[in-house]
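Visitor: Could you walk me through this one? I have not looked at it before.

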Amino acid sequence: MSHYPKSPVMGQMMSQPLLISSIIQHADRYFGANEIVSRRVEGDIHRYTYRDCHRRARRMANALGGLGVKMGDRVATLAWNGYRHLELYYAISGFGAVMHTLNPRLHPDQIAYIANHAEDQYLFFDTTFLPLVETFAAHCPTVKGFVMMCDRERMPAASKVPNLLCYEDLIGAHSDQYAWPLFDEHSASSLCYTSGTTGNPKGVLYSHRSTVLHSYGLTIPDGLNVSARDVVMPVVPMFHVNAWGLPYALPLTGAKMVLPGAALDGKSVYELLEQEGVTFSAGVPTVWLGLLTYVGENNLGFSTFKRTSIGGAACPPAMLQTFRHRYGVEVTHGWGMTETSPLGTTCTLQRHHLDLPEEEQQAMLEKQGSVVFGVDMKIVGDDGGEAPWDGKTRGDLLVKGHWIASGYFKNEGGDALVDGWFPTGDVATISPDGYMQITDRSKDVIKSGGEWIGSIDLENIAMAHPAVQQAACIGVFHPKWDERPLLVVVRKPGAQVGREELIKFYEGKIAKWWTPDDVAFVEALPIGATGKVLKNRIREQFKGHALPTA
Ligand code: ADP
């Protein structure tokens with residue numbers, strides 16, 4: 001892949017391909033006895049070690065060979081965070097095939113579309129998804145077999161799914177004698193489709209090299225700072241951007257891994273955090289909202305939980321403060337996307353920030369933060385020229401680096417890059433010391449009288465109000481200003497707050513003309529397949545909403 005000139009004197013260091021199989025080999029050899037704990041869809045807690053995981057992944061790799069899977073073939077999964085899913089992460093990629101994680105929260109037609117587009121050869125699924133698989137299996141002609149991730153006893157007596165196989169039968173029938181093959185590190189390792197909030201989903205094809213480098217990036221102190229002393233619970237699903245890369249990064253460090261399965265409600269997450277002594281976790285704000293509500297309502301605290309990484313959507317400052325000040329849990333705000341593996345930026349302070357007053361430190365931590373080495377970013381104005389890093393000027397955010405997509409699978413959507421940079425579709429500012437803050441997604445920006453209003457700022461303020469559970473801000477048509485902000489709010493259970501009070505709440509917190517023109521109260525906000533608020537759905541719902549004329 002290198003087209004760069006060669007020096008007449010080349011370095012004399014070993015060259016080994018960066019392969020995903022080397023991660024699980026390392027974990028077995030150096031952290032073999034460290035635990036992987038899973039809440040199974042069967043309902044119980046399952047425990048084993050990195051050594052066990054490696055052994056079963058080798059058996060599964062032999063099974064894939066037996067099924068006729070070849071290098072580069074796509075093999076799909078439809079599964080929660082659990083040990084069998086983890087085995088597949090290593091078996092499929094380590095074998096040289098492509099691990100394709102399907103998102104079970106999508107509509108069945110969309111899942112079938114994606115499986116067909118990827119030309120998946122086999123599809124592995126958790127028992128809970130049998131009814132879902134039954135709805136689309138017949139529409140996936142490339143899939144030669146569907147493997148249910150359970151033992152023989154749990155297999156259904158009859159099913160509409162053609163060529164239904166049993167996971168534990170495959171494991172049981174194959175030897176653990178398997179030597180992971182060596183191949184070019186640029187080979188595809190896994191495939192994840194963007195959720196397609198606009199247009200059809202597009203496939204992001206990660207490579208072994210990008211995945212291994214991303215894993216190093218994740219673990220460094222100003223990345224997610226995970227070590228062999230941690231107990232880590234990836235709450236972010238393994239079907240969403242590879243659970244942010246944690247299934248690779250954790251075996252690399254030897255951290256104990258806790259996989260929460262399908263139970264992502266506040267109570268279940270809390271119980272597992274406490275029982276397993278979790279020190280670090282990662283997920284989108286909506287999951288943490290559920291956890292904080294449960295902990296608050298039941299007057300609980302955390303005994304071992306010390307740090308969490310929040311990303312995938314803006315972390316409301318109120319959430320950050322509750323974690324930090326009420327529960328002593330440090331929050332690392334992070335930004336990324338499917339196309340960035342996903343680690344782009346994380347927000348941690350530098351030595352010189354520690355002398356700043358508390359409020360200024362807090363304001364810094366609310367940003368999405370600075371890049372991890374391996375990624376570079378810039379913001380550009382409408383003319384394509386680089387915008388200044390003054391913390392005020394907004395621009396379109398572009399990134400590049402070792403683990404940033406260079407295009408989409410099957411060249412869907414055409415050229416993805418602009419002069420070698422990936423346009424993220426996000427709008428951001430960057431401070432003089434390189435701290436990026438997302439102000440909006442370009443399609444969510446509210447344009448009032450030709451000026452931009454940052455919807456994230458408006459939402460963050462609303463969510464700091466004690467009666468507000470969740471808030472989303474959208475632009476609605478205005479005859480004079482083109483668009484004006486409408487705040488859509490879910491109240492906390494039993495809480496009272498009205499339009500006037502919320503509008504008044506903005507006073508002094510923001511430029512007056514940014515204040516929402518109106519507030520609409522709803523029972524719930526529409527949430528998409530990756531746990532994020534679907535603003536396009538809200539925009540549809542409130543299309544034609546009449547703003548007060550005063
Ligand atoms: P989608 O949301 O389309 O399913 P991704 O999961 O790849 O796709 O989401 C990436 C997008 O999520 C980013 O482009 C950005 O808009 C948003 N995002 C991610 N992290 C943050 C964050 N910390 N703050 C604000 N927005 C974020």
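Visitor: Fine. What kind of model is it?
Guide: It is a predicted model, where local features need pLDDT of at least 70, side-chain atom pairs count only at pLDDT 80 or more, and totals for chains, interfaces and linings use all residues. Residues are numbered from 1 along each chain as its sequence is written, and side-chain values use heavy atoms, with hydrogens and water left out.

Visitor: Which domains is the chain divided into?
Guide: Domain 1 covers 16-216 and domain 2 covers 444-541; the bounds come from an automatic or database domain assignment.

Visitor: How many Å apart are their C-alpha centres?
Guide: The C-alpha centres of domain 1 and domain 2 are 40 Å apart.

Visitor: And how many residues are in contact?
Guide: Five residues of domain 1 are in contact with five of domain 2, contact meaning heavy atoms within 4.5 Å. Between them the two domains bury about 370 Å², with 54% of it on carbon and sulfur atoms. Buried area here is the accessible area (1.4 Å probe) that two parts lose on being put together, summed over both.

Visitor: How many salt bridges across that interface?
Guide: Zero between domain 1 and domain 2 by the rule, which asks for a side-chain nitrogen of Lys or Arg within 4 Å of a carboxyl oxygen of Asp or Glu. The count by this rule comes to 28 salt bridges. One of them pairs the side chains of Arg 74 and Glu 119, at 4.0 Å from N to O.

Visitor: Where do Arg 74 and Glu 119 lie?
Guide: Arg 74 is in strand E3 (residues 74-78) and Glu 119 is in the loop between helix H4 (108-118) and strand E5 (122-125), so the pair ties together parts 45 residues apart in sequence. Helices (H or I, at least four residues) and strands (E, at least two) are DSSP runs, numbered from the N terminus.

Visitor: Changing topic: how many cavities are there?
Guide: There are three cavities of 30 Å³ or more. On a 1 Å grid over the protein atoms alone, a cavity is a set of points where a 1.4 Å probe fits but cannot get out; a pocket is an open set with protein on both sides within 12 Å along at least five of seven lines, and lining residues have an atom within 4 Å of a point.

Visitor: What is in the lining of the largest cavity?
Guide: The largest cavity holds about 130 Å³ of space. It has 15 lining residues, and those closest to its centre are Arg 40, Val 41, Gly 82, Tyr 83 and Asp 126. Strand E1 (35-39) and helix H3 (83-95) each give two or more residues to this lining, with H3 giving the largest share, three.

Visitor: And the second largest cavity?
Guide: Its volume is about 50 Å³, a volume being the space filled by probe spheres set on grid points joined across faces, edges and corners. Its lining includes Tyr 206, Asn 242 and Ser 341, and H7 gives the most, three residues.

Visitor: Last one: what about the second largest pocket?
Guide: That pocket has a volume of about 880 Å³. It is lined by 28 residues, with His 186, Gly 401, His 402, Ile 404 and Ser 406 nearest its centre. Strand E9 (203-207), helix H7 (208-219) and strand E18 (395-401) each supply at least two lining residues, and E9 gives the most, four.
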